[in-house]
Amino acid sequence: MSGAWRASVNGVPVDRGDVPEDERLLDTLRWRLGLKGTKEGCRSGDCGACTVLVDDRSTLSCLTLTHEVDGLRVLTIEGADGDPVARRVQAAFAESQAVQCGYCTPGFVLALAGLLKERTTSASPDELLEDLQGNLCRCTGYTAIVRAVRSLGEDRP
Amino acid sequence: MAFALVTPGSVDEAVRLLGDPAAPPTAVLAGGTDLLFELSGTTAAPPRVLSLRKMPWRSIRWDGSSLEIGSTAPLRDLERAPRVRSDLPGLWSAVRAVGSVPLRHRATVGGNLARASPASDLIPILLTLDAVADLVGPHGRRRLPVGALVRGPRTTALGAGELIERVTIPEARPSAYLWQRVRPANDVSQVGVACAWSPTARHWRLAVGGAGPAPVRLPEVESVLDGPTPLAASTIAAAAAAASRLAPFSTDKRATEGYRRQVVEVLVRRALGSVAPPGGP
């Protein structure tokens, strides 16, 4: 069964009538909307590769039904450039060369952008790193990721 | 998996849809982090999933000294709610133990209770805080202590068509929750130990989760603790030994019975010590 799904994806209104009721947000983004920057890692909520922002909250798109985010704002890595916080995180990752194969990068960038958005006071780098534990890097290239996080943790979003 | 998704717009409609004797088997979806994980790996999905996303159960508020947690409030909201970290430190630690931040943006207290995982990090601490659940169903509303709601592994006292609306913690309590895992982050606990002291009733509560078929309170251990505070080091040691003797332990893919027995003793000692530092011999 399919039903109407309306949302804002990366600032663009989306209105589709063909989204099956049991479809995951991850699959809608990748296969219906062609936004393949969102990666499928474990599909069980363990790796964080599929993290997107839903109304500014980091969300595992593999464990979220598309219809559950009806009417909400979805931000994927393709929209990071249009979001001041995500853009800043992306720049920090580039600056720190915090990318190896790149598969985990979109999830890391959006999870970290979500953490910065929800904080009203400045966040310590250690707090940010603790709250990023749900994102795994399969290359184990954490040193540069930690460097990127530390470069962001010192200032306010 | 293939199922129809129904999203009732009111509590009455949800109860009616669920309680209808002619309705197809229906799974209830709150945050979905446990349910959708389970449904990923099966072709035997129920034909219908009922979403609670439009239920008015997302608020978290203090009413004097008691904390009312809407059953579908995201765990991340609970973790960040005022006074939770300071007044209910064990609850704060237990919530933080669940998955990761993105997972806690969707996972809920109601879902955690209704799914009643043997390894739930929340059930042990809710038991020690004497939390109660408000339920709504085809026969009206009722209130059950969490200990009566969670009956066993993946088993609750929820009747047909019955839903959890709210979980209430009656008072702030010095408390702690400690766990042991293979990986510290984003893993399932092999053992979890919760303890809390009631400043009004002046009694201890201690519960163990993850170790056996279901989270349990250990009244025999609590009676070892009740008495003068702060606890004497010898009392803490006796309680830890009693917990490792009395808790139900089992062996599964995460740990052996013997390992769990040893870890419980250590965690009980540390948890009690962190709530009430030893005060004498």
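Across the interface of chain B and chain A, 8 salt bridges are found. The model is a predicted one.

**Interface of chain B and chain A**

- The rule also finds 14 residue pairs in polar contact across this interface, both residues being at pLDDT 80 or more.
- Strand 1 (4–6), helix 2 (35–40), helix 3 (75–80) and helix 6 (101–104) of chain B each supply at least two residues of the side that touches chain A.
- Sorted by class, that side of chain B holds 15 nonpolar, 8 polar and 8 charged residues.
- Chain B brings 31 residues to the contact, and chain A brings 28 residues.
- About 2600 Å² is buried between chain B and chain A, and carbon and sulfur atoms give 48% of this area.
- On the chain B side, Pro102(B), His105(B) and Arg106(B) lose the most area to chain A, together 22% of what that side buries.

**Open sheet of chain B**

- In chain B, 4 strands form an open sheet in the order 11-12-13-14, with antiparallel pairing.
- Its edge strands are strand 11 (175–180) and strand 14 (216–217) of chain B, each of which pairs on one side only.
- Strand 12 (residues 191–197) and strand 13 (residues 204–209) of chain B are joined in the antiparallel sense over 6 bridges.
- Within this pairing, Gly192(B) stands opposite Gly209(B) of strand 13, and Val193(B) has Val208(B) as its bridge partner.
- The hairpin of strands 12 and 13 of chain B has 6 residues between the strands, and Arg202(B) takes a positive phi near 55 degrees there.
- Strand 13 and strand 14 of chain B pair in the antiparallel sense over 2 bridges, and Val216(B) in strand 14 is the bridge partner of Val208(B).
- Strands 13 and 14 of chain B also form a hairpin with 6 residues between them, where Gly210(B) in the turn has a positive phi of about 80 degrees.

**Burial of strand 13 of chain B**

- In strand 13 of chain B, 6 of the 6 residues are buried, so this strand is largely enclosed by the rest of the structure.
- In a regular strand, side chains alternate between the two faces of the sheet.
- Trp204(B), Leu206(B) and Val208(B) point one way from strand 13, whereas Arg205(B), Ala207(B) and Gly209(B) point the other way, and all are buried.

**Arg16 of chain B**

- Arg16(B) lies in helix 1 (residues 11–19) of chain B.
- Arg16(B) has a relative accessible area of 57%, which is over the 50% cut-off, and therefore counts as exposed.
- Arg16(B) and Glu162(B) are 146 residues apart in sequence, while their C-alpha atoms are 9.8 Å apart in space.

**Helix 1 of chain A**

- Helix 1 (residues 25–32) of chain A is mostly covered, with 6 of its 8 residues buried.
- These buried residues are Leu25(A), Leu26(A), Asp27(A), Thr28(A), Leu29(A) and Arg30(A).
- What covers the buried residues of this helix includes strand 1 (2–9), strand 2 (12–20), strand 3 (51–54) and strand 5 (73–75) of chain A.
- Just after helix 1 of chain A, Gly34(A) takes a positive phi of about 70 degrees.

Note on methods:
Residues numbered from 1 in each chain as written. Chains lettered and ligands numbered in written order. Heavy atoms only, no water. Buried < 20%, exposed > 50% of the residue type's maximum accessible area, 1.4 Å probe, protein only. Pairing = 2+ DSSP bridges. Contact = heavy atoms within 4.5 Å. Buried area = accessible area lost by both parts, 1.4 Å probe. Salt bridge = Lys/Arg side-chain N within 4 Å of Asp/Glu carboxyl O. Polar contact = N/O pair within 3.5 Å; in protein donor to acceptor, adjacent residues only side chain to side chain. Nonpolar A, V, L, I, M, F, W, Y, C, P; charged D, E, K, R; others polar.
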